[in-house]
Amino acid sequence: MQKVLVTGAAGFIGKALVKELTDRGMEVYAVVNNNRLDTSGIRPDRLHIIQCDLSMDTSEIEALEGKGLDVAYHLAWRGSYGPERCDASIQLENVKMGMDCFKAAQKAGCQKFIAAGTISEFLVMDKEPYGRQIKAISQIYAIAKDCFHSLLEAASYGNSTRSVWCRLSNIYGPDLSISNIISYEIKALASGLVPEFSDALQPYNFIYIKDCIQALIAAGEGKCQHNEYFIGGKESCQLSWYLKMVEKQFPGCADIGIGRRENDDLLYSGEWFGISTLKDDFGFVPAYSFEDGIRETVDLVKRKFKDSTPG
């Protein structure tokens, strides 16, 4: 890769990806909507910022025709967390936006289009051993991702622009603006509160943001023998194990509240979280165990808390 497009560049994954790509000397076209991209630490000579609303207009991507665009990473997606996950209109707009971005990337001459999926798709797919498990309105988000994946696969069949679906595991890192179970637990423990969970007996998988970025770049640079990949961490363990590993980073904290919330009755399989195709195709193996990644994450978070405390 020499010239790369990143949509959703101001998001948690997007910012980290843009920085790593520019650090490697690649020329990056970063698309942002209303959010301002934090460019601190990013090489300005390798960065082009495109500000536009992709749900309304993708002509800025089409205008990159002739720039020699190699790979497009489509990360832009409204309502990845919070109440908008349940909004069917917003999620359907995301699907349309994704397809419009693919068409625009094709017109720009892009060779490979990498789109981000979600681990939650496994629950709404007819996936062994449990089949489809649609039990909550919040799953509209995962259904929309799965729909986009199917439409993208059909649109890219026989197309000069290759589409690759990267289904992302639960990602964690020092940016606590994201909304997931790990950021919730860290914020609660750092504030002296007791986080509350279900019995947390289901198998789970987490990947550190640094490993996630390396895997995405491997998929961009490498020869993809598959049309989809699961990007996950080194180990798949019971969720309670992960939660207790986070708790260990806060000595003296009150016991975390495992079992204080009702279970959602969703069934997970550890078989869903295999990363063998990443290793086989690109030789990729995550560098961080969860213990190492969460230690680094919490250290950075504590440092930020300390720096932001008056006096």
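Predicted model: local features only at pLDDT ≥ 70, side-chain atom pairs only at ≥ 80, totals over all residues.
Residues are numbered from 1 along each chain as its sequence is written, and side-chain values use heavy atoms, with hydrogens and water left out.

Trainee: What makes the radius of gyration of the chain agree with that of a compact globule?

Mentor: The radius is taken over C-alpha atoms, and the globule rule is 2.2 Å times the number of residues to the power 0.38. For 311 residues a compact globule would have a value near 19 Å; the chain has 19 Å, so the two agree.

Trainee: How many residues form the largest nonpolar core, and which touch the most other members?

Mentor: A nonpolar core is a set of buried Ala, Val, Leu, Ile, Met, Phe, Trp, Tyr and Cys residues joined through side-chain atoms within 4.5 Å, where buried means under 20% relative accessible area with a 1.4 Å probe, protein chains only. The largest such set has 72 residues, of which V6 and Y73 touch the most other members. The helix α7 gives the most to this core, with eight residues; helices here are DSSP runs of H or I, at least four residues, numbered from the N terminus.

Trainee: Which residues of the lining of the second largest pocket are charged or nonpolar, by number?

Mentor: Asp, Glu, Lys and Arg count as charged, Ala, Val, Leu, Ile, Met, Phe, Trp, Tyr, Cys and Pro as nonpolar, and the others as polar. The lining divides into eight nonpolar, two polar and seven charged residues. The largest share, six residues, comes from α1.

Conventions:
Helix = DSSP H or I, 4+ residues; strand = E, 2+ residues; numbered from the N terminus. Buried < 20%, exposed > 50% of the residue type's maximum accessible area, 1.4 Å probe, protein only.
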